[in-house]
Amino acid sequence: MSFPWAKNYEPQQPLMKWLDEKLPLPRLVYNAVGAGYPVPRNLNYFWNFGVLAGAALAIQIVTGIVLAMHYAANAGVAFNSVEHIMRDVNAGWFIRYAHMNGASMFFIVVYLHIFRGLYYGSYKAPREMVWLLGVVIFLLMMATAFMGYVLPWGQMSFWGAQVITGFFSAIPMVGEPIRQWLLGGFAPDNAALNRFFSLHYLLPFVIAGVIILHIWALHIPGSSNPTGIEVKDEQDTVPFHPYYTAKDGFGLGVFLFVFAALTFFTPNLLGHADNYIAANPLSTPAHIVPEWYFWPFYAILRAFTFNFLWIDAKLWGVIAMFAAIALLFFLPWLDSSPVKSSTYRPLNRIFFWILVVDVLILGYCGKSPAEQPYVILSQLGSIYYFAHFLIILPIISRIERPLPMPNSITEAVLAKHADDKSAATA
Amino acid sequence: MVRPLGFLVGLGFIAALVLAIFTTPLKNEPNASHEFHKHPRHLALSSDGLFPHWDKAQLQRGMQVYKEVCSACHSLNLVAFRNIADFGYTEGQVKSFAKSYDNIPSINPDTGEPATRTGLPSDHFPSPYPNEVAARAANNNALPPDLSLITKAREGGKDYVYSLLTGYQNPPKNLPKELQPGTGLHFNPYFANLNLAMAKPLNDGQVTFADGSKNDVEHMARDVTAFLVWTAEPNLVKRVWTGWAVLLFIAIFTTLTYLSYRNIWADKKH
């Protein structure tokens with residue numbers, strides 16, 4: 001579906017006419033990201049991050065395929081094969097550092113993309129399916145990133161695998177057998193490394209598939225926008241190409257600049273020193289810390305220190321950590337406010353910013369050792385996290401009085417320009 | 001249905017967390033070693049920062065320190081003899097350096113018996129011990145770590161390695177008994193446990209440099225740390241300068257995309 005004023009693909013060249021009759025691939029591209037897709041005219045820079053996440057995935061796949069040509073997924077040689085890439089493969093150090101920091105860049109843009117969705121209410125009707133597929137992509141990304149971090153077979157790789165697969169052993173009765181089945185042994189070893197490599201190669205293509213569904217689902221209602229008001233007529237929109245291809249091109253340049261600065265100047269900034277020590281099952285690192293993008297969830301996991309209601313603390317932590325992500329699936333129904341954008345939701349805006357600060361605090365606690373004051377901070381932070389989504393948001397979406405909203409996107413744009421002019425003359 | 005259920009689930013998590021808060025002691029267990037532990041001292045090297053270069057003379061001296069002192073116990077598995085051409089040795093010098101090692105493990109092709117041979121440029125620095133058991137047996141059951149990646153594999157990096165090498169001292173008078181170095185251990189405030197198995201490795205005048213450079217502990221520690229920064233990442237200098245070229249390219253690309261973005265949107269209010 002698209003808006004009635006969307007342009008139709010009309011091939012001029014004989015070759016394209018011929019192709020359009022046999023396999024309308026150019027038509028698909030034209031309608032998806034070309035002039036055939038009308039988009040609200042008022043998108044701000046936060047709407048760049050979807051395309052950037054796609055670019056980050058493409059970079060990960062390309063660098064990853066090259067790395068796989070030189071990497072050996074065997075517990076005996078994996079660590080040295082990574083160092084072989086760093087030292088002996090032509091530009092191997094660049095490919096490896098780009099892949100390593102590319103994962104961080106992927107999470108940075110995806111977290112900003114999720115931030116955008118939360119602030120502007122992009123998850124609400126009619127775009128619930130876009131949001132649900134997005135959460136699926138996020139889960140797949142986390143699984144892929146975790147398994148990728150195991151592959152260099154350093155100390156954090158090994159002990160991270162030990163801790164994460166240990167979650168399954170918290171399940172009563174069947175936990176330990178499940179863990180052994182997943183690992184192919186009693187502890188992470190060659191069997192685990194091999195299957196993690198296989199899945200780490202597979203999942204990015206699954207992600208690419210779900211991204212196609214994500215974009216497909218988006219194209220049915222069309223893109224959201226900062227006012228949260230739906231498109232009413234043609235003057236509210238511009239064709240995706242050239243307007244947003246140009247804007248996304250600029251966004252891509254800025255993204256690549258930050259990415260390159262990180263990769264070439266401080267490639268190990270976001271990593272952990274212990275992962276340059278080869279895996280050693282007999283020596284546990286003093287602090288086992290996951291990669292930065294898991295810190296908030298790691299803090300939630302460790303916040304539960306009390307056996308409550310016959311469920312022991314470890315299982316509470318594991319359930320809570322998964323629930324922290326799973327509750328995002330219910331967000332479109334937890335927040336019943338008909339107003340999408342927080343620009344017009346004064347009460348929601350306050351609690352939303354508290355949530356942002358809360359997640360940052362949880363992240364800091366997840367990075368820090370399990371001692372005070374980080375334990376109590378992560379407990380308080382976790383309380384707010386669950387309270388925000390499960391209690392506060394459903395209540396404020398009922399009692400809040402939204403601010404007056406413009407009638408259309410065009411009216412909002414023109415009002416903004418009128419304000420700018422009067423401010424300039426005053 | 002979602003909202004009431006969510007409300008109950010939320011209350012469940014919050015109850016578990018509130019109970020956790022009240023049952024977790026607010027004071028950490030006292031850890032006396034924190035008090036005596038020191039943060040590493042900063043070491044400035046020519047390979048630091050955004051405009052790095054290798055100080056080749058320093059790397060040569062550092063390698064000499066490694067060869068004459070560290071290599072008695074520590075391996076350097078990831079570094080090949082051919083790599084030392086990076087800091088100014090000619091092909092002939094690399095060959096004769098490799099040849100000076102006559103203990104490269106190999107197999108006698110005629111008999112299949114284990115044997116040794118002289119080094120080739122493609123060989124890696126040989127390990128001082130045949131395996132971990134032998135290494136531990138010779139070192140009071142401690143295992144001397146491989147040094148190839150040591151400046152990347154420790155918190156504090158090069159600063160830590162340099163501080164550790166220069167940080168040996170007598171234990172302070174007020175050091176509690178349980179933190180005193182035990183048999184075969186040596187006090188060093190830069191080491192996480194305060195006491196480590198490695199004895200003070202460097203002493204003034206231990207290595208004589210051909211270029212007449214100072215050979216007190218301080219200078220030898222700087223030189224060998226510089227060398228270990230190189231062994232950890234021989235491509236470090238190339239990496240940073242490649243980064244400048246890439247950033248310049250991306251800056252031009254981004255400027256052009258910005259200008260075309262402004263141009264395309266010039267007639268559209270947004």
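The model is predicted, so local features need pLDDT of at least 70 and side-chain atom pairs count only at pLDDT 80 or more, whereas totals for chains, interfaces and linings use all residues. Residues are numbered from 1 along each chain as its sequence is written, and chains are lettered from A in the order in which they are written.

**Interface of chains A and B**
- In the interface, 50 residues of chain A are in contact with 48 residues of chain B, contact meaning that C-beta atoms, placed from the backbone, lie within 7 Å.
- H10(A) gives the most to the side of chain A that touches chain B, with 14 residues; helices here are DSSP runs (H or I, at least four residues), numbered from the N terminus.

**Helix pair in chain A**
- The axes of helix H5 (residues 92-119) and helix H6 (residues 128-150) of chain A come within 12 Å and cross at roughly 160°, where axes are lines fitted to C-alpha atoms over the stretch in contact and angles run from 0 to 180 degrees between N-to-C directions.
- H5(A) and H6(A) are therefore roughly antiparallel to each other, a term for angles over 145 degrees.
- Among the residues making this contact are Phe106(A) and Val110(A) of H5(A), with Trp131(A) and Phe138(A) of H6(A).

**Ser163(B)**
- Ser163(B), found in helix H6 (residues 157-166) of chain B, is buried, with 22 other C-beta atoms within 10 Å, the cut-off for buried being 20 or more.
- The C-alpha atoms of Ser163(B) and Arg41(B), 122 residues apart along the chain, are separated by 5.7 Å.
- Not counting residues up to four places away in sequence, Ser163(B) touches Pro40(B), Arg41(B) and Tyr190(B).

Terms used. Two residues are in contact if their C-beta atoms, placed from the backbone, lie within 7 Å. Helices (H or I, at least four residues) and strands (E, at least two) are DSSP runs, numbered from the N terminus. A residue is buried if 20 or more other C-beta atoms lie within 10 Å of its own, exposed if 12 or fewer, and partly exposed in between; C-beta atoms are placed from the backbone. Angles under 35 degrees count as roughly parallel, over 145 as roughly antiparallel, 65 to 115 as roughly perpendicular and the rest as oblique.
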